[in-house]
Amino acid sequence: MTGVIEVRDLTVRYSGATALDGVDLTVHAGELVALIGANGAGKSTLVKVLSGLVHPASGTITVDGRLAQVPEGREMFGDLTVDDNLRLGGWRNGRKGRDTTHVYDLFPDLIPIRARRAGALSGGQQQMVAIGRALMARPDILVVDELSLGLAPLIVTTLVGHLRSLHADRGLAVLLIEQNARLALDLCHRAYVLESGRIALHGAAADLARDPRVAAAYLGGHVPVTP
Amino acid sequence: MSDLVGYLLTGLGIGAGFALVGSGLVVIHRVTGVVNFAQGSFAVLAALLTSTLLGAGLPHGVAEAGGVALGAVAGLIVGVIAIGRPGTSPGTSLIVTLGLGVLAYAIEVLIWGDQPRSFPGLTGVAEIGGARIPAHYLLIIAVAAPVFLFLAWFFARTDLGRALSACSSNRYAARVVGIDVRRMGLLAFLIGGALGGLAGVLTTPVQQVTFDSDVVLIVNGFAAAVLGGLTRPVIALAGGLLLGVAQTLTAGYGGGAYQVEVALVLMLTVMIVQAARTGGIPEPAR
């Protein structure tokens, strides 16, 4: 069975330094997949390759379907309005694809602030705009780069709930790149652990959460007690 | 009193020309981060071609449109050379535009010679508030005003305008949503070229054009643009009009020889004040 994203033996070098080294990764249709790893492990590089912003030295990437990205740090068009930010998310779709109604239906919280400058919003609101902007592309798979970074736990819980329902209601596949391994393993079906540009571990998220190596490195050393 | 009204209207007419050049600079700088020093030559090329087309018997309107079209094409060519190669820094592109501006001198002298040229604009004299001013100044204002309104509408209300603004707001995010940043940069150069060309064809009937007229235009246009930190078109417009009025007032009540100096002093003052406040005009990260 092939996936929406098929990455095979991917190697990326930045002026000599190897950022990714023989990475294999698959995301199947409608699947929630986590990619966890420390700072500098190569997570962001993989996102950039998937979005076509960085070209690999070798290996293949197949994306079957439409991919949209929620970039790390939200990357708002700060001096444009929320509404304009969303419309630009549908840039590739042409005029008819820029109707924002479905995003406002999903995030009614954005309706009262639709005319405000995106740069003036809180981090949580910006993340909502960033997800909404990505959904404007009508994607089959959403690549979310650092969902929780810099956000209050309560807001993160809300956003995770949104991702869950997008997955459940629309069959949206999600590749979640996340520093908060506990959150990622909790949300996703499967997970990959990236270390120094290589996939060190991969498997079912529940199994990885019980793996002592993952626990030691990413979950603060505590193996969760399983009932 | 009637003198003052005359100077003001004349100043607004001249200032509208500066504002058009300045807005062209701002549009290009916002989207690409490049200060385009070839901006004045778009006006000169447009004016020279218009004089030739009128000389060949083409009617007014058609000839001017031809001039503006040449300005736009020249803008696109400068854009392709200045930012066409991926990874060119805005500083490098600036030097390229400076060089292309000088190259434009050579082309202009070869084709049109080095003598001043002009062509008739709107003839007649209008009387407003007791002041008698050449009607062409009013034509400049009447053409420039809707152009500025159109630009404001275009950037705020159309998706293409939003995409151009997105490139200036967040280049990385623009690429993430699939906007071709380089193509938008070229579009900005095209628009900048057309605005420069329009400035040239509008002001030449009241101010002769030679191959090196671009210096006056670029100094004044840059002064207008720098008032808004090279990023705010509305302030560039206001700055251009202010400069035009300041210069005609200086010429009217003082001496005509000091017109460019007014722009230079104003520009230097603004730049020094801005540098003291913010540490200079920031070069946008690419």
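Modeller: Gladly, and we can begin with the largest cavity, whose lining is made up of A:L67, A:A68, A:Q69, A:G89, A:R92, A:A130, A:R133, A:A134, A:A137, B:V176 and B:V177. Please keep in mind throughout that this is a predicted model.

Colleague: Which elements give two or more residues to that lining?

Modeller: Those elements are β5 and α4 (123–135), both of chain A.

Colleague: And what volume does the largest cavity have, and how does its lining split by class?

Modeller: The volume of the largest cavity is about 80 Å³, and its lining holds seven nonpolar, two polar and two charged residues.

Colleague: How many cavities of 30 Å³ or more are there?

Modeller: The count comes to one cavity of 30 Å³ or more.

Colleague: Let's turn to chain A as a whole; how many helices and strands are in it?

Modeller: Chain A contains eight helices and nine strands. Its radius of gyration is 17 Å, close to the 17 Å that the globule rule gives for 227 residues, so chain A is as compact as a globular protein of that length.

Colleague: What holds paired strands together, in general?

Modeller: Strands of a sheet pair through backbone hydrogen bonds, and they can do this in either a parallel or an antiparallel way.

Colleague: In which sense do β6 and β7 of chain A pair?

Modeller: Strand β6 (residues 141–145) and strand β7 (residues 173–178) of chain A pair in the parallel sense, over five bridges. To find one of these on the structure, look for A:I141, whose bridge partner in β7(A) is A:A173.

Colleague: What about the sheet of three strands?

Modeller: That is also an open sheet in chain A, with the order β2-β1-β4 and antiparallel pairing. Its edge strands are β2 (17–27) and β4 (58–63) of chain A, each of which pairs on one side only, and the twist here averages 25° from one strand to the next. Strand β1 (residues 5–14) of chain A pairs with β4(A) over five bridges, and A:V7 stands opposite A:I61 in β4(A).

Colleague: Switching to chain B, what does UniProt say about transmembrane regions there?

Modeller: An unreviewed UniProt entry annotates several spans of chain B as "transmembrane region", including residues 6–28 and 40–59. In the model, residues 6–28 of chain B are 100% helix and 0% strand, with end C-alpha atoms 33 Å apart, whereas residues 40–59 of chain B are 80% helix and 0% strand, with end C-alpha atoms 25 Å apart.

Colleague: And the second largest pocket, which residues lie nearest its centre?

Modeller: They are B:R30, B:A152, B:F155, B:A156 and B:P233, among the 20 residues that line this pocket. Its volume is about 540 Å³, and its lining divides into 10 nonpolar, six polar and four charged residues. The largest share of that lining, five residues, comes from α5(B).

How values were computed
Residues are numbered from 1 along each chain as its sequence is written. Chains are lettered from A and ligands numbered from 1 in the order in which they are written. This is a predicted model: local features need pLDDT of at least 70, side-chain atom pairs count only at pLDDT 80 or more; totals for chains, interfaces and linings use all residues. Side-chain values use heavy atoms; hydrogens and water are left out. On a 1 Å grid over the protein atoms alone, a cavity is a set of points where a 1.4 Å probe fits but cannot get out, and a pocket is an open set with protein on both sides within 12 Å along at least five of seven lines; lining residues have an atom within 4 Å of a point. Grid points are joined across faces, edges and corners, and a volume is the space filled by probe spheres set on the points. Helices (H or I, at least four residues) and strands (E, at least two) are DSSP runs, numbered from the N terminus. Ala, Val, Leu, Ile, Met, Phe, Trp, Tyr, Cys and Pro count as nonpolar, Asp, Glu, Lys and Arg as charged, and the others, Gly among them, as polar. UniProt positions are given in the numbering used here, feature names are shortened, and annotations may be inferred rather than shown by experiment. Two strands pair if DSSP finds at least two bridges between them. The radius of gyration is taken over C-alpha atoms; the globule rule is 2.2 Å times the number of residues to the power 0.38. Axes are lines fitted to C-alpha atoms, for helices over the stretch in contact, and angles run from 0 to 180 degrees between N-to-C directions.
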